[in-house]
Amino acid sequence: MTSREIREAYLNFFKSKSHHIVPSAPVVVKNDPTLMFTNAGMNQFKELFLGEATVKYPRIADTQRCLRVSGKHNDLEEVGIDTYHHTLFEMLGNWSFGDYFKKDAIAWAWELLTEVYQLDKDKLYVTIFEGDTSEGLERDHEAFELWKAHIGEDRILLGNKKDNFWEMGDAGPCGPCSEIHYDMRQDAERATTRGQDLVNADHPQVIEIWNLVFMQFNRLKSGNLEALPAKHVDTGMGFERLVRAIQGKSSNYDTDVFQPLITYIADKANIEYGTDEKTDIAMRVLSDHIRAVSFAIADGQLPSNNKAGYVIRRILRRAVRYAYTFLNFRNPFFHELVPLLANQFKGVFDELYQQQDFVEKVILEEEIAFLRTLTTGIQRFENYVTDHTSVDGDFAFELFDTYGFPIDLTDLLAREKGISVDMEAFNAALNVQKDRSRAATVIDAGDWIMVGEEADVEFVGYDVLKAKTEIIKYRKV
Ligand code: ATP
Ligand code: MG
Ligand code: MG
Ligand code: MG
């Protein structure tokens with residue numbers, strides 16, 4: 001089946017189960033102070049779950065474009081390195097608003113996967129919530145009994161709160177969930193280790209594909225749980241992972257969702273995909289990030305130095321950095337992927353097709369500006385390493401402060417040269433700046449805050465801590 005057929009089969013299946021099919025919401029969220037981007041299919045139905053809006057259709061299904069690049073669900077650092085986390089991905093979902101509950105949700109998921117898509121029953125595993133005494137939450141015995149009708153007991157695994165209790169954010173609707181995992185390892189490898197032991201263990205071939213959430217609670221700002229007025233079902237299935245499972249590929253990027261982009265990039269770079277891990281990662285980053293950046297712009301979020309706009313700018317720059325560093329693109333290239341993508345999503349998400357020229361132009365302008373800074377900074381770096389055997393903290397900080405190099409770029413460039421970066425000294429330099437900024441803000445306008453805490457904020461810089469966590473600093477305006 002092609003990816004188009006797989007998507008259609010999903011929607012048709014739930015249509016046949018009396019679901020109303022709705023369009024995807026934009027990926028940019030404008031009216032919710034707790035969320036910058038749509039990170040799950042359920043976001044657009046939040047009010048329905050909370051009982052704050054009237055239910056017109058008790059059963060709904062769709063494919064929702066989601067972005068997981070900030071806040072509670074942030075996968076950005078994995079993207080391209082692994083082969084199954086994306087920045088923008090489609091989440092196929094079916095919902096019940098006070099209508100069917102666990103029994104039908106489980107039976108239909110099983111029917112769709114094993115009968116319509118013909119996935120191998122012997123490679124499927126499911127998980128149920130094990131319970132959590134600290135919150136007085138019971139094990140999901142009900143889901144366990146229901147799964148037993150479809151799958152052997154030894155394939156029903158217990159999951160902890162991190163994996164089997166879904167929460168949208170720090171507050172909001174939530175509940176226990178059952179996940180479905182698929183073991184895509186080769187037969188020989190499957191014979192050596194049980195799939196049971198690899199579920200939720202970051203194994204690149206044993207992958208979560210679908211999450212069935214049984215919404216029963218609302219988490220209050222205080223952290224306490226209260227029962228929702230009615231019980232609901234909220235499911236989310238990663239479309240690109242599903243396509244990979246059905247098409248029998250060992251990477252999402254090998255499916256027909258990503259191959260047209262990868263092929264185009266590989267051609268233009270004149271480097272074959274699949275020959276070198278570094279260039280492979282770069283091609284995966286580019287083919288992934290163009291989706292996030294393009295749809296964010298099409299949905300109304302231009303790259304900027306503010307909040308959501310800055311997140312998009314960072315993703316765009318991450319792509320340009322990889323293109324520059326590993327694929328030798330010295331001139332703007334990223335924007336060339338837009339027409340390809342727009343065409344691919346024609347009839348699915350027409351928003352991109354309709355604004356193709358505009359999106360392309362915005363990306364091109366960003367590329368030109370960023371390449372200018374990048375070139376100067378990289379030249380500075382090249383000069384530096386001719387007479388240094390490691391990158392000291394002050395220099396890493398200069399690249400950060402003057403050329404906008406996040407520490408991961410400096411680290412990447414240094415590793416390329418086989419030298420190290422003095423992270424401790426870099427962090428110390430960063431702290432000195434932070435103290436300076438803090439002192440300045442006392443006189444200035446107020447305190448530094450994290451994004452999400454305050455609506456009216458202006459971007460003023462960013463901190464990178466321990467190479468992985470980035471705190472974007474904002475100042476009240
Ligand atoms: P994972 O454990 O793989 O990070 P998750 O548990 O965070 O996934 P859910 O919040 O349960 O994901 O989302 C529902 C489904 O969406 C997942 O089962 C998965 O198929 C898909 N999904 C989640 N995050 C991503 C991502 N970054 N890229 C692609 N698909 C994703
Ligand atoms: Mg995740
Ligand atoms: Mg998970
Ligand atoms: Mg999950």
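How are H9 and H10 oriented to each other, roughly parallel or roughly antiparallel? In this predicted model, the axes of helix H9 (residues 277-298) and helix H10 (residues 307-327) come within 9 Å and cross at roughly 150°. Angles over 145 degrees count as roughly antiparallel, and H9 and H10 are therefore roughly antiparallel to each other. Their crossing is left-handed. On the H9 side, the contact involves residues including Ala282, Val285, Leu286, Ile290 and Val293, while H10 brings in, among them, Ile312, Ile315, Leu316, Ala319 and Phe326. Sorted by type, the residues where H9 meets H10 come to 15 nonpolar, 2 polar and 2 charged.

Next, the ligand. Ligand 1 has 15 residues around it, and those that come nearest are His86, Phe89, Asn211, Gly236 and Gly238. S10 gives the most, with 4 residues. By type, the shell around ligand 1 splits into 5 nonpolar, 5 polar and 5 charged residues.

As for confidence, the predictor gives the complex an ipTM of 0.99 and a pTM of 0.86. The protein has a mean pLDDT of 89, with 91% of its residues at 70 or more. Residues 441-477 are another matter: the pLDDT there is below 50, although this stretch has 65 contacts in the model beyond near neighbours in sequence. Where pLDDT is low, the predicted coordinates should not be read in detail.

How values were computed. Residues are numbered from 1 along each chain as its sequence is written. Chains are lettered from A and ligands numbered from 1 in the order in which they are written. This is a predicted model: local features need pLDDT of at least 70, side-chain atom pairs count only at pLDDT 80 or more; totals for chains, interfaces and linings use all residues. A residue is near a molecule or strand if its C-beta atom, placed from the backbone, lies within 6 Å of it. Helices (H or I, at least four residues) and strands (E, at least two) are DSSP runs, numbered from the N terminus. Ala, Val, Leu, Ile, Met, Phe, Trp, Tyr, Cys and Pro count as nonpolar, Asp, Glu, Lys and Arg as charged, and the others, Gly among them, as polar. pLDDT is the predictor's confidence in each residue, from 0 to 100. Two residues are in contact if their C-beta atoms, placed from the backbone, lie within 7 Å. Axes are lines fitted to C-alpha atoms, for helices over the stretch in contact, and angles run from 0 to 180 degrees between N-to-C directions. Angles under 35 degrees count as roughly parallel, over 145 as roughly antiparallel, 65 to 115 as roughly perpendicular and the rest as oblique. A crossing is left-handed if the near helix is turned anticlockwise from the far one by less than a right angle, and right-handed if clockwise.
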